[in-house]
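User: Could you take a close look at one part of this model for me, the nonpolar core and the helices that build it? I would enjoy one connected walk through it, with the cut-offs spelled out.

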Amino acid sequence: MSNNTQTETNNKLTIKERKNMFRRWIFFAGLGYNFESQQAPAVAFSMRKALRKIYPNDDEYIAAMDNHYKYFNATPQMGNVILGATLAMEEKDGIKSKDAVQSLKTSLMGPLSGVGDSLFWILFPTIMGSIAGYMALQGNPIGAIIWMAIYIGLYWVKMWLFNLGYTSGTKLVTSLGAKINVFTDAISTMGLMVVGSLVSTVVNVYTPLKFQTGKVSLSLQTEVFDKIMPGLLPVCLAALVYWLLGRKSWTPTKIILLIIVICLAGSFTGILGIAK
């Protein structure tokens, strides 16, 4: 047996080790949540032991951990799919998959969170909570029992989602093989599209300023900025944030504080208003 084959065999994760990573994520998804990287500390904590086995080399292990310590925010239940897929990719291709792993996380956390939020935060609590609450008001303890049973059952659903992600990640890398660079470029482009759509739909900047000359009134927002390009101010703000992130003296926390100051100053002076 060659050294490469021996190393690949030694680095193969067991079912027990994969379940350990899964449980760490499920029970500690909110660990270290912050405004800069959000769930990244929980991701790093969950992946730590698995990555240590995949990367016996210290430099590769540190690089992989740093890669997972970047911004990540997803519905914890759907995060199982993403982390399962990335784990399989790293187990198969090692540090070469680092860029693909980050691009996959960036592109999938938004769409999957939309599905996860609807199912796990709205559908189940609303329907089952209403039924259980009504039964409890009638003095029937079965409502509370059903509620607890559902959440116990959801544990196995989460495990299934994790295994689904892990299996899909393995198939992706196996089927792509030497075309992993093409996959990396494609998934990076998808990630950029997701981020770009977020800028236009989530970032809202609006100015109520109007120029008045006699009876003629000109709205700076609708008659000037929107005529040049709809969403011009959000794009400018996103470009400012992007530029500041490239400066060593600016951290995400400082940028958040700067945006708060700009909003407060703009609201006080009347330059900025509530986005419509």
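Analyst: Happy to. From the N terminus on, the elements run α-α-α-α-α-α-α-α-β-β-α-α-α, that is, 11 helices and two strands. Helices (H or I, at least four residues) and strands (E, at least two) are DSSP runs, numbered from the N terminus. This is a predicted model, in which local features need pLDDT of at least 70 and side-chain atom pairs count only at pLDDT 80 or more, while totals for chains, interfaces and linings use all residues. Residues are numbered from 1 along each chain as its sequence is written, and side-chain values use heavy atoms, with hydrogens and water left out.

Of its 276 residues, 35% count as buried (under 20% relative accessible area, with exposed over 50% and partly exposed in between; 1.4 Å probe, protein chains only). The chain exposes about 16,600 Å², and carbon and sulfur atoms supply 67% of that area; the areas come from the Shrake-Rupley method with a 1.4 Å probe, and for residues only the protein chains shown count as cover. Contact here means heavy atoms within 4.5 Å. Among contacts with a separation of 6 or more, residues 24 or more positions apart account for 68%.

Now to the core itself. In soluble globular proteins, nonpolar side chains tend to be buried together. A nonpolar core is defined as a set of buried Ala, Val, Leu, Ile, Met, Phe, Trp, Tyr and Cys residues joined through side-chain atoms within 4.5 Å. The largest one in this model has 34 residues, and those with the most contacts inside it are Trp25, Leu51, Phe72 and Leu87. At least two residues of this core come from each of helix 2 (15-28), helix 3 (40-54), helix 4 (58-68), helix 5 (76-93), helix 6 (98-137) and helix 7 (142-176). Helix 3 gives the most, with seven residues.

Setting aside neighbours within four places in sequence, Leu87 is in contact with Leu13, Arg18, Met21, Met47, Ala50, Ile54, Phe162 and Tyr166.

Helix 4 shows how a contributing helix is arranged. Its buried residues are Tyr61, Ala64, Met65, Asn67 and His68. They lie on the same side of helix 4 because they cover an arc of only 155 degrees around the axis, the arc being that of the directions from the helix axis to the C-beta atoms. These residues pack against helix 3, helix 5 and helix 6.

Leaving out residues up to four places away in sequence, Gly116 touches Thr75, Met78 and Trp121. From C-alpha to C-alpha, Ser103 and Leu192 are 8.9 Å apart, although 89 residues apart in sequence.

The loop between helix 2 and helix 3 holds Gln38, which is buried, with a relative accessible area of 12%. Most residues other than glycine have a negative phi, and most peptide bonds are trans. Gln38 has a positive phi, near 55 degrees.

Further along, Gly266 lies in helix 11 (residues 252-269) and is buried at 5% relative accessibility. Beyond its neighbours within four places in sequence, Gly266 is in contact with Ile271 and Leu272.

Finally, a word on the cysteines. Cys236 is partly exposed at 42% relative accessible area, and Cys263 is partly exposed at 43%. Counting a disulfide as a pair of cysteine sulfur atoms within 2.5 Å, the model has zero disulfides.
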